Amino acid sequence: MSLEKHSADVGVTEDGVDYDELEALLGERVIDRETHLNAEGFVVRPDEVEGTLELLREEAGFDHLSMVTAQDYPDRYESIYHLTKYDDRTQEVSVVVPTDPENPTSESAASVYKTAEWHEREAYDLVGVDYENHPDLRRILLPETWQGHPLSSDYDQDKPQLVTLDEHVNPLAESSKDSESDTMFLNIGPHHPATHGVLHVKAVLDGEQVADVEPDIGYLHRCEEQMAQQGTYRHQIMPYPDRWDYSSAGLLNEWAYARVAEDLNDIEVPEYAQIVRTMGAELCRIAAHMLALGTFCLDIYGDFTAIFMYAMRDREKVQNILEDLTGQRMMFNYFRLGGVVWDLPEPREEFFAKIRDFIDDLPETLEEYHDLITGNEIFQTRTINTGVLEPEVAKQYGCTGPVARGSGVDYDLRRDDPYGYYDELDWDVVTEDGCDNFARLLVRMREVEESAKIISQCVDLLEDWPEDERNIQSNVPRTLKPDPDTEVYRAVEGAKGELGIYIRSDGTDKPGRFKIRSPCFNNLHSLEAMAEGEYVPDLVAALGSLDVILGEVDR
Amino acid sequence: MSNEPRENIHGSTDPQTKTREARTGPGLDNRFNSKLREAFGSSPFILTKFDKFMNWVRGSSMFMLQFGIACCSIEMMHTYAVKHDLDRFGSGVPRASPRQADVMIVPGTIVSKFAPRMKRVYDQMPEPKFVVNMGSCAISGGPFQEGYNVIKGAEEVIPVDIHVPGCPPRPEALVYGVVKLQERIANGESSPVTVKPYELEQFGDLERDELVEKLADDIDEDTLVMRYNWADSP
Ligand code: SF4
């Protein structure tokens, strides 16, 4: 991945980032410095954004823009760019851009990081910051005709709103008017079996080929950030992460919130609970990848065929185990700050035996899948070399998870920014170099094997754990009130990639700002790069291989 | 042999104009016979009310719309798939087009941008049609009820026959809901189709209030719109 690794190492030291050196690099642009719990933040003027980010990317190697957070304070609007590196996740820096409250305008970062395009549209939509030089600044989650910006402080939620149901027009129609070629506009969704939920894909076809594609999202925007901002840290937020990525990836998502809230409040988690968490999370990853596999094949073969049923059969097995563990089939609500809610089910031997059975059967099951899917010639023709996503492009779009790893980007937060019990266990990060639809499927299938490895090691550990040391939760105060203006961004490896949360506390028992970085949001953005020039069925295959869950895209 | 004249292996060139009776003999094709039929005698018929018969037919072959919105749709897929297998109850083949379906399961949260589209899909289904609400979100907005963008239940937009509570309801619960619906249809019971608060209307027909005035320049008179009065929502 050392494509053009010139001097992109300013500020790199043995143990982290030398922020003073970065400050020297940015020079006059920096007007102030802030300390967030995860990294230092450099405050820059709203007209210096592009230059600052470009320097940080080119000279200091911060090639991954994880997220853009916008929020409003009584005296200013603020955008925060959370930067890190694909090569070394532990190196982080934030760029903070305050703007004037009357006329919140700041420079767009879209020319430096492609992914900023969608993030800034979202910030404009929900908070109301205006990004100058943005190529296409309009609402992304809410309907075009919406009045006001719901996450800004002066929004009145009771005001009536109007939503239109009009025809969509071909965005390329005009430009192709005088050329020879004719383009046709094709709506896919929001109610369509190939869109994996309520997604609307506006596709413009030139003959058989896709000339332009724009995912239109927001059909499942359930105000997750508002919900989290209305809940207290201790208990009221935890149920929501289950509902972001609902492909039964619940525990992985709960971990994202647990991790950020535990860092914010300095809460330790007992070792035993860490192992239980790790085991549960990996079971969820298997369930999520099975769904991805089943629905992807549904897209390719076009009906509720055998493969889909096979995948559902295996999901049922995992869901049964998870139900024993948590009491629910999907919305587990099992993690608590400082641990988990209850210990493993009794009798423990039976529970372990159930998991062991499942793990023991898995190699054979996967062999079946390989027979059915990856060995199938039609399947190969449909997926190999279609939906190609080059590694550099994937990085520009901020792709993570199996999508990035299918393009050979070796990035996995479980290893690169260890949490839980992962660094004590023996497993590998899976990557594939195919960069195509096939590679992404293969990564998921091989990851299932790795998860199984992790689970069986956890089971071994848990089995031998002395009875009087089964500590499932540490002491956590009844009400959590982190110091005002503490800011933190933390991420975990969800089923789809880097799932991060930014919290600013305002001194009360509820977060002042709660921003979710969902991997699906970024991954879906890259669809335009993958699908252009392909045929429509390949567009559908590409969309399927991204494995987007609309609940997480729209939040 | 291939060098022999073709005529030798040719059969009759008579057109196939035989009637069914000539082909299968008098009475019912043997394959359609059954013990019960034999017990009734040579050409049995039964008497029932037409409506009763039609209701029985309707209840026994329901075509579901393949419709996924949010988390609940994952459990809905499990309901269709192995283990739960909704098909056993005569209602398990999901149809991708609303024009081939008569039951809509609403599995998830409905938000402002989606409601007009959902209404359109519902309108495209042929009559008689039925709706099953799956999960708290479709019933009331569920965990997201206080969101700025969330419709407080599918009943604000389309008429609903059965509510299956849960977040998400287990597949068994959904099966129960669907079977209850079949039972009710077979018995000729139906829920009243009431006028709902959020209708699709032409923009020009709306009352000229502040919001409408403001949008008048951007929206064409005959564009369809849905107007949400959040303050009046439960
Ligand atoms: S009821 Fe629960 S599971 Fe169903 S869509 Fe709503 S939040 Fe998801």
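Which residues does Met279(A) touch, not counting residues up to four places away in sequence? The list is Leu344(A), Phe351(A), Ile355(A), Ile455(A), Cys458(A), Val459(A) and Leu462(A). Keep in mind that what you're looking at is a predicted model. Met279(A) is a handy place to start, as it is among the residues with the most contacts inside the largest nonpolar core.

**Nonpolar cores**

- The largest nonpolar core has 212 residues.
- Its residues with the most contacts inside it come from both chains: Tyr81(A), Tyr246(A), Tyr257(A) and Met279(A) on one side, and Met104(B), Val106(B) and Met118(B) on the other.
- If you want to know which element gives the most to this core, look at helix α6 (residues 271-301) of chain A, with 17 residues.
- There's also a second, separate core, made of 18 residues, and Val103(B), Phe130(B), Met134(B) and Leu181(B) are among them.
- As a bit of background, nonpolar side chains in soluble globular proteins tend to be buried together.

- Over on chain B, Leu36(B), Phe40(B) and Ile46(B) make a nonpolar surface patch of about 360 Å².
- Leu36(B) sits in helix α2 (residues 35-40) of chain B.
- Leu36(B) has a relative accessible area of 58%, and it counts as exposed because that value is over the 50% cut-off.

**Cis peptide bonds**

- In chain A, Glu346(A) and Pro347(A) are joined by a cis peptide bond, with omega at about -10°.
- You'll find Pro347(A) in the loop between β15 (339-340) and α8 (348-374) of chain A.
- In chain B, the bond between Glu127(B) and Pro128(B) is cis, and omega is about -10° there.
- Pro128(B) belongs to the loop between α5 (115-124) and β4 (130-134) of chain B.

**Positive phi angles**

- Most residues other than glycine have a negative phi.
- Asn385(A) isn't a glycine, yet its phi is positive, near 65°.
- The spot for Asn385(A) is the loop between α9 (377-383) and α10 (391-396) of chain A, and at 58% relative accessibility this residue is exposed.
- Asp85(B) isn't a glycine either, and its phi is positive at about 50°.
- Look for Asp85(B) in the loop between α4 (71-80) and β2 (94-95) of chain B.
- Asp85(B) is partly exposed, because its relative accessibility of 27% falls between the 20% and 50% cut-offs.

Technical notes. Residues numbered from 1 in each chain as written. Chains lettered and ligands numbered in written order. Predicted model: local features only at pLDDT ≥ 70, side-chain atom pairs only at ≥ 80, totals over all residues. Heavy atoms only, no water. Core = buried A, V, L, I, M, F, W, Y, C linked by side-chain atoms within 4.5 Å. Buried < 20%, exposed > 50% of the residue type's maximum accessible area, 1.4 Å probe, protein only. Helix = DSSP H or I, 4+ residues; strand = E, 2+ residues; numbered from the N terminus. Contact = heavy atoms within 4.5 Å. Patch = residues over 30% accessible without salt bridge, like charges linked within 9 Å, V, L, I, M, F, W, Y side chains within 5 Å. Areas by Shrake-Rupley, 256 points an atom, 1.4 Å probe, with all protein chains shown as cover. Salt bridge = Lys/Arg side-chain N within 4 Å of Asp/Glu carboxyl O.
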